[in-house]
Amino acid sequence: MDYFTKEELKNLIIGLCVIGFCLLCVVIFKLQRNTWKDSEDTDYCVYATFNRTDGLSIGDKVRMAGIDVGLVENSVLDEDYRATLTLKIHEGILIPDDSSASIVSSGIMGNKYIEIEPGGSEEYIENEGEFSYTQDAIVLEELVDRIISLGKAKRNAGAIKPQPQEEI
């Protein structure tokens, strides 16, 4: 029976630790994925229609009061050329039927997500229901263009000063 040198033994232990860590990561990933799949069976769908969904993708989060309550499951273009999103909401989350859905971003250049602003109604959106109020995504380039054009308009208005009339 051959004995390992200290260097070989150290390399063997490090290798076993790396393999063990990788196996642990795979097990945790599988458990998390199975937990989400199990919860999908009890989630319900609601629809939200927007004129623009720039930067929003399938799988993006749906939040209420900063808490994740679901995700964007699907998006289709309707006959009026508007985007209709299917939002999968976790079971137990009740959304008042006068709530609004907005496309917002986390920070200036952050990811887009749907923010739900709950209304005050005592009636709730049911499975396959739809939001009555939606707010489209704000495109950063358009916002910057508007600010620049307002600044130019103010500058031009300040440059043209009315001349005082002379009294006769």
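This is a predicted model: local features need pLDDT of at least 70, side-chain atom pairs count only at pLDDT 80 or more; totals for chains, interfaces and linings use all residues.
I'm counting a salt bridge when a side-chain nitrogen of Lys or Arg comes within 4 Å of a carboxyl oxygen of Asp or Glu.

**Salt bridges, overall.** I looked up the total and got 4 salt bridges in the structure.

**Asp54 and Arg52.** I checked this pair next. Their side chains meet in a salt bridge, 2.6 Å from N to O. I then looked at how open the two ends are: Asp54 is partly exposed at 31% relative accessible area, and Arg52 is partly exposed too, at 32%.

**Glu73 and Lys88.** Here the side chains form a salt bridge with N to O at 3.2 Å. Glu73 belongs to strand β3 (residues 67-77) and Lys88 to strand β4 (residues 83-89), so this pair ties together parts 15 residues apart in sequence. Are the two ends buried or exposed? Glu73 comes out partly exposed, at 33% relative accessibility. Lys88 has 13%, and because the cut-off for buried is under 20%, I put Lys88 down as buried.

**Around Arg63.** I found a salt bridge from Arg63 to Asp68, with the closest N and O atoms 2.9 Å apart. Asp68 is partly exposed, with 35% relative accessibility. Which residues are linked in a network of salt bridges? They are Lys61, Arg63 and Asp68.

Methods. Residues are numbered from 1 along each chain as its sequence is written. Side-chain values use heavy atoms; hydrogens and water are left out. Buried means under 20% relative accessible area, exposed over 50%, partly exposed in between (1.4 Å probe, protein chains only). Helices (H or I, at least four residues) and strands (E, at least two) are DSSP runs, numbered from the N terminus.
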